[in-house]
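This report describes one structure, element by element.

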Amino acid sequence: MAEPLVKKDDDRDDEDYSPFMGIEKGAVLQEARVFNDPQLDARRCSQVITKLLYLLNQGETFTKIEATEVFFAVTKLFQSKDTGLRRMVYLMIKELSPSADEVIIVTSSLMKDMNSKTDMYRANAIRVLCRITDGTLLTQIERYLKQAIVDKNPVVASAALVSGIHLLQTNPEIVKRWSNEVQEAVQSRAALVQFHALALLHQIRQNDRLAVSKLVTSLTRGSVRSPLAQCLLIRYTSQVIRESSVNTQTGERPFLDFLESCLRHKAEMVILEAARAITELSGVTSRELTPAITVLQLFLSSSKPVLRFAAVRTLNKVAMTHPLAVTNCNIDMESLISDQNRSIATLAITTLLKTGNESSVDRLMKQITNFMSDIADEFKIVVVEAIRSLCLKFPLKYRSLMNFLSSILREEGGFEYKKAIVDSIVILIKDIPEAKEGGLFHLCEFIEDCEFTYLSTQILHFLGNEGPKTSDPSKYIRYIYNRVILENATIRASAVSTLAKFGALIDSLKPRIFVLLRRCLYDSDDEVRDRATLYLNMLGGDGLVGETDKDVKEFLFGSLDVPLVNLETSLRNYEASEEPFDISTVPKEVKSQPHAEKKAPGKKPSGLGAPSSGPTSAGDAFEKLLSAIPEFSGFGKLFKSSAPVELTEAETEYAVNVVKHIYDGHVVFQYNCTNTIPEQLLENVTVFVDASEAEEFSEVASKPLKTLPYDSPGQSFVAFEKPEGVPAVGKFSNLLKFIVKEVDPSMGEADEEGVEDEYQLEDFEVVSADYMLKVGVSNFKHAWDNMGADCERVDEYGLGVRESLAEAVSAVINILGMQACEGTDVVPSNARSHTSLLSGVFIGNVKVLARISFGIDGPKQVAMKLAVRSEDQAVSDAIHEIVASG
Amino acid sequence: MESCPTVKSILLLDSEGKRVAVKYYTDDWSTHSAKLAFEKSVFTKTQKTNARNEAEIVMFDGYIVVYKFIQDLHFFLIGGDDENELILAAVLQGFFDAVGLLLRNNVDKKSALENLDLILLCLDEIVDRGIILETEGSVIAGKVATSGLDSAGSLTEQTISQALATAREHLARSLLK
């Protein structure tokens, strides 16, 4: 604007000066009256609109009346022929988003502009009109829009195409009629028109797989000029590849050559898009990855931060699945640790942690220590998590990694960061027995000077469970009692509980614990005193509470066997009266799907969540859920629950998956059903299971699901008996049966009458791997030697022709369902032979270790030597049986 | 991944993190306070970095933020975390270049506010409801600038087009009934 809108304030220096200083909504709305002047001052009007837009942009809102007034005033401005003013009018109308009856007022003016000779008017009027219009008006302007799509001015064509993309959401049937014009526009010479046309064409056809595939086939032959359009094409191509991933036998992937050719494109955005598409191909092989990794490696040393970031982020993702493919970039990666951009540095570090081998750990840790001090907490958390997984991968290195964690624990940091460290230490303690004493000691030191009550209480709780099992429990008492003296009431109370746990488990410490607990009887806080009194009575065993030793331990260490939500509702409903609250009246059934299950796959185990109380893992949650069902309570201890197996395609009417629960003499199938139709209520949902192809199984019980309303998942169960301790296998076919009732979604009430119906589900199998728990050992050699060769069995097998060694290794590991130790599930590229170390627990709680040596020859014949050691010869044989029959 | 590259927001803030001009294209931040909170965290997370030569990048809360600073102005462009960073950077560069051309290389907060109409038109020509319209700075600036230069064509041309327009208007009205 040429002249300042508000007079400059002389007191201010030039720095703080703003043309909008002291602007006020009421005054500007007054000013807007100039729109009604018979002699329009275009410049003045533009300035007022700018002020209005400034107000809106600063977050000011107009009332309905104000907005309507401004809108009507603005429509008057169509009389002016000033182009600049017209542009501002367009902006204003879009900002005001007028209501339907207001739209009619400007429709004619906008339609006039749509057919103007000035290209800029046409383009803008199209965008404004399409933005504010509804379906009825659209049919009237459709003809003009179709014309505009093939307009020779690219700005006009783009405006129409982009508007088409938006309108497709609301009026698909109209936009779909424009296919021919859009197709013509795809051939446009103007880069952006091609981009917009391709985007719209794909969206029109996105539900027609064949059409998308045709589109990709014709365009990949090379008529796309614009880099943006090329990026789109790459996305559509990888979509087509995903959906046609069947042809694995020949090994040739369709369109891969196209993606590879894009790696040589002159635009960096296309190269990146293609490289990323290749790395994200499902089941991508190292050979397919190589060219993509090579271009990304070049990006790593670019002078542009955005390029380095994009490359290192992509490589970081690749490192999760194909660490060996990324090792070539390690040198470039290491130089990025000192990158100015801390996001890039953090990604580089975590990538190195993923690709590193055992020997490079110490050197890496040294580099990271220097790096940690100058990055933000959120990055530190990422690094801590990477170190945790590194430690689980190389348990022998626990000492240096644990030392690192404890040293950063002593440094400054916020809650989330400290929690991540503590969680990591807890997980390491749980998984690496050798690390336990050292780790507990670090935690003890931490709570001496910990500002977070939550972390202190969690650590105390964990200490109570783990501390008594160590070689010298007495050394922890001092740390715990110090909390009672120095901390706030919440921490004091949990320290009291922890003391009691030591007392309950270790008789020699009991007298000393009593002295300490008695001191707590004079605490100023009710909760602390109450706990101390309770524990003194329980542990004292002087008959007051009259509980046996076992009860005491159950009380201290056992978990609450009712869901907290249910307990909360019951407590809310409880009215104070003579009758005491009875915890056994709280319902045990979990209403919706157990929370833990939804996040089970992929999520890292939460460390402190509640170390032994409450469902930390899906397994615990399942056990609780199942034992609450009387029909299944007699089956004994749950051995293993499988990951959910989908029995329906995605986006069908009813989504069902099954979890296989294995007991010693039974299996229970838990069918998780979700009803995705708002107009239906299902009742009495059962699964009819045909076990004719599973001879050793016989159905003993089934528990139908009473009701299954829309979008609220529920479970139906079927139980089978099978020979005790035997890993019986078989195939099961399933039919979902139910009574369906119509629901009026607006009212939410279901009809009285229902109709019986059924729904075919897919088959699934119970396989040998279902009887194997994945349990890792930290030091395989040690465990192997300890197990001894008494029940060893060694045999050799030919696996026939395989795509690659890595594929053969992962297939065998999957068949056995065992845990790969020390990272031996990863096969170096180009390796001719490989040894995998596996461990697990077989049904009947028999520990099993396996050492498998693989070899591959020229024509890709794979042979393997399998050595199994276990505590039971029969089990060793059974493992061989699995491989022989698999 | 979104099938079409999408911009979630464009922010132009001053050296204290205050708004000069902002545009939001998604409902990720539905309230005014959510928007302000987001702007604040974007600003503080990038404040200490040097983005004066090359565009810089940061990722947090599931968003990719590419940004560039000049004088007391901070340019930000925000996309989803699965977006192609280089596409976002290209759009940012287009915005940055266009503003430079429109303000005749005198790019600072003062002249941006004095020419806020040009900045707003510029934003309007770059992204339409999240979809990228144009990435080339000179083209964007050209589209914005033409509006000020050629005011209406010749008189005769006007009368003819006016007559045509009135006829069309008539037609449209009768259709609307």
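Which residues of H20(A) are buried? The model is predicted, and in it the buried residues of H20(A) are A:Ser343, A:Ile344, A:Ala345, A:Thr346, A:Leu347, A:Ala348, A:Ile349, A:Thr350, A:Thr351, A:Leu352, A:Leu353 and A:Thr355. That makes twelve of the 14 residues in H20(A), a helix that is mostly covered. Helix H20 spans residues 342-355 of chain A, and its first and last C-alpha atoms are 20 Å apart, close to the 20 Å expected at 1.5 Å a residue. The cover over the buried residues of H20(A) comes from both chains: it includes helix H17 (305-321), helix H18 (323-326), helix H19 (330-335), helix H21 (361-372) and helix H22 (377-393) of chain A, together with strand S3 (56-60) of chain B.

**Chain A as a whole**

Chain A has 886 residues, and 52% of them are buried. Its secondary structure consists of 37 helices and 18 strands. Of the contacts in chain A with a separation of 6 or more, 64% are between residues 24 or more positions apart.

**Confidence**

The predictor assigns the complex an ipTM of 0.84 and a pTM of 0.65. The mean pLDDT of chain A is 84, with 91% of its residues at 70 or more. Within chain A, confidence is lowest in helix H33 (residues 595-598), where the mean is 38, and highest in helix H15 (residues 268-279), where it is 95. Residues 1-14 of chain A have a pLDDT below 50, and this stretch has 19 contacts beyond near neighbours in sequence. Residues 592-616 of chain A are also below 50, with 51 such contacts in the model. Chain B averages a pLDDT of 85, and 81% of its residues score at least 70. In chain B, pLDDT stays under 50 over residues 147-159.

| Stretch | pLDDT | Contacts in the model |
|---|---|---|
| Residues 1-14 of chain A | below 50 | 19 contacts beyond near neighbours in sequence |
| Residues 592-616 of chain A | below 50 | 51 contacts beyond near neighbours in sequence |
| Residues 147-159 of chain B | under 50 | twelve contacts beyond four places in sequence |

**A strand residue in chain A**

A:Ser836 belongs to strand S16 (residues 833-842) of chain A. Is A:Ser836 buried or exposed? A:Ser836 counts as buried because its relative accessible area is 0%. Leaving out residues up to four places away in sequence, A:Ser836 touches A:Val809, A:Ile813, A:Thr824, A:Ala850, A:Arg851, A:Ile852 and A:Phe854. A:Cys821 is 15 residues from A:Ser836 in sequence, and their C-alpha atoms are 7.8 Å apart.

**Cavity and pocket**

The count of cavities of 30 Å³ or more comes to one. The largest cavity has a volume of about 40 Å³. Its lining is made up of A:Asp690, A:Ser692, A:Glu693, A:Lys731, A:Phe732, A:Ser733 and A:Asp763. Strand S5 (680-693) and strand S9 (730-744) of chain A are the elements that give two or more residues to this lining. By class, the lining of the largest cavity has one nonpolar, two polar and four charged residues.

The second largest pocket has a volume of about 950 Å³. Its lining holds 32 residues, and those nearest the centre are A:Leu56, A:Glu95, B:Lys23, B:Tyr24 and B:Lys35. In chain A, helix H2 (42-57), helix H4 (83-96) and helix H6 (119-132) each supply at least two lining residues. The lining of the second largest pocket divides into 13 nonpolar, seven polar and twelve charged residues.

**A loop in chain B**

Most residues other than glycine have a negative phi. B:Arg104, which is not a glycine, has a positive phi of about 50 degrees. B:Arg104 sits in the loop between helix H2 (85-102) and helix H3 (109-114) of chain B. B:Asn105 lies in the loop between H2 and H3 of chain B, and its phi is positive too, near 60 degrees. Why does B:Arg104 count as exposed? The relative accessibility of B:Arg104 is 70%, so this residue counts as exposed. B:Asn105 is likewise exposed, at 70% relative accessibility.

Conventions:
Residues are numbered from 1 along each chain as its sequence is written. Chains are lettered from A and ligands numbered from 1 in the order in which they are written. This is a predicted model: local features need pLDDT of at least 70, side-chain atom pairs count only at pLDDT 80 or more; totals for chains, interfaces and linings use all residues. Side-chain values use heavy atoms; hydrogens and water are left out. On a 1 Å grid over the protein atoms alone, a cavity is a set of points where a 1.4 Å probe fits but cannot get out, and a pocket is an open set with protein on both sides within 12 Å along at least five of seven lines; lining residues have an atom within 4 Å of a point. Grid points are joined across faces, edges and corners, and a volume is the space filled by probe spheres set on the points. Helices (H or I, at least four residues) and strands (E, at least two) are DSSP runs, numbered from the N terminus. Ala, Val, Leu, Ile, Met, Phe, Trp, Tyr, Cys and Pro count as nonpolar, Asp, Glu, Lys and Arg as charged, and the others, Gly among them, as polar. pLDDT is the predictor's confidence in each residue, from 0 to 100. Contact means heavy atoms within 4.5 Å. The expected span of a helix is 1.5 Å times one less than its number of residues. Buried means under 20% relative accessible area, exposed over 50%, partly exposed in between (1.4 Å probe, protein chains only).
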